[in-house]
Amino acid sequence: MAAQPRVAALDWSAVELLLGLGIVPIAVTQPENYNRTVVEPALPEGVVDLGLVVEPNLELLAGLKPDLILANPIQVATQGSFLSRIAPTEAVSIANAGGDPYERAKAETMRIALRLGRVDEAKALEARTEAILDAAAASACPAERHPTYLVWIVDHRNIVVYGRTSLFQTVLDRLRIENAWTGASNASGFTAVGIEQLATGPADARMVHVGPIRSDAAKALAGSRLWQTLPAVRERHVDVVPPVWFYGGLPAIARFAELMTDLSKRDCPRG
């Protein structure tokens with residue numbers, strides 16, 4: 001068995017990718033928040049905490065003598081000269097790379113796997129992800145294929161909505177569910193809009209909130225007349241699923257597919 005490479009990951013997308021390849025990083029930023037926000041693959045206890053994503057402890061990192069540092073493109077652009085003095089540094093970028101998000105995730109996973117000698121593990125991860133997507137397709141329920149908004153609520157007036165260039169779209173396509181949002185989205189596949197913009201969508205649209213709704217937002221929505229007039233809210237077609245790391249790769253796609261498959265199985269009429 002190949003020796004475990006000593007890799008430090010300064011960004012959660014890199015952490016997720018490494019764990020998907022069966023590599024436990026020696027150090028990461030904000031590990032407790034990773035396990036709450038990314039959730040899967042879970043980060044084991046004992047990994048060194050490098051502090052904030054926006055300001056990792058480079059002195060502590062240097063003392064760990066990693067073989068490789070994985071970071072996001074912004075970290076490499078702003079701190080690359082310092083990081084490269086500690087160890088070779090690679091940027092991991094899936095969400096902002098353009099093109100189909102599923103193909104981006106596979107390509108980036110294989111690129112890092114080649115760098116770390118984990119090609120077989122990358123192929124296995126890709127095969128597991130494809131199997132989960134196939135299972136999602138098999139569970140697709142023709143009677144319940146309502147157009148669906150995928151959202152994250154900011155407050156009683158604003159909402160983040162995920163568009164057709166997001167990693168979530170891969171799963172909607174497999175389930176043959178139309179993305180109810182037809183407007184523009186940014187390079188990462190989402191956009192922030194006023195809640196009123198969801199009122200003009202399909203009358204039979206459903207809404208899936210990705211991640212728990214914050215208590216303060218929930219209280220504000222309870223008294224929002226605008227929120228109550230949305231067709232999905234009025235018809236009680238709003239679901240909340242656990243968090244999924246939107247900037248992630250294959251593990252995030254697989255996790256979202258399983259969550260949406262559970263909803264599909266729940267809602268599909270049994271004949």
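Biologist: Which residue is the bridge partner of Ala-9 in strand 4?

Modeller: Leu-70 is the bridge partner of Ala-9. The model is predicted: local features need pLDDT of at least 70 and side-chain atom pairs count only at pLDDT 80 or more, while totals for chains, interfaces and linings use all residues. Residues are numbered from 1 along each chain as its sequence is written, and side-chain values use heavy atoms, without hydrogens and water.

Biologist: What makes strand 1 and strand 4 a pair?

Modeller: Pairing requires at least two bridges found by DSSP. Strand 1 (residues 7-9) and strand 4 (residues 68-71) have 3 bridges, in the parallel sense, so they count as paired. Strand 4 and strand 5 (residues 89-91) also pair in the parallel sense over 3 bridges, and Ile-69 stands opposite Thr-89.

Biologist: What makes strand 8 and strand 10 edge strands?

Modeller: In the open sheet of 5 strands, ordered 8-7-6-9-10 with mixed pairing, strand 8 (190-194) and strand 10 (238-241) each pair on one side only. Inside that order, strand 6 (residues 148-153) and strand 7 (residues 158-162) pair in the antiparallel sense over 3 bridges, with Trp-152 opposite Val-160.

Biologist: Where does Trp-152 lie in relation to the second largest pocket?

Modeller: Trp-152 is among the residues nearest the centre of that pocket, along with Thr-37, Val-210, Gly-211 and Pro-243. The pocket is lined by 13 residues: 9 nonpolar, 2 polar and 2 charged.

Biologist: How do you know that a residue such as Asp-11 lines the largest pocket?

Modeller: A pocket is an open set of points on a 1 Å grid over the protein atoms alone, where a 1.4 Å probe fits, with protein on both sides within 12 Å along at least five of seven lines; a lining residue has an atom within 4 Å of a point. The largest pocket has 19 such residues, Asp-11 being one of the closest to its centre.

Biologist: Which element gives the largest share of that lining?

Modeller: Helix 4 (73-86) does, with 5 residues.

Note on methods
Helix = DSSP H or I, 4+ residues; strand = E, 2+ residues; numbered from the N terminus. Nonpolar A, V, L, I, M, F, W, Y, C, P; charged D, E, K, R; others polar. Buried < 20%, exposed > 50% of the residue type's maximum accessible area, 1.4 Å probe, protein only.
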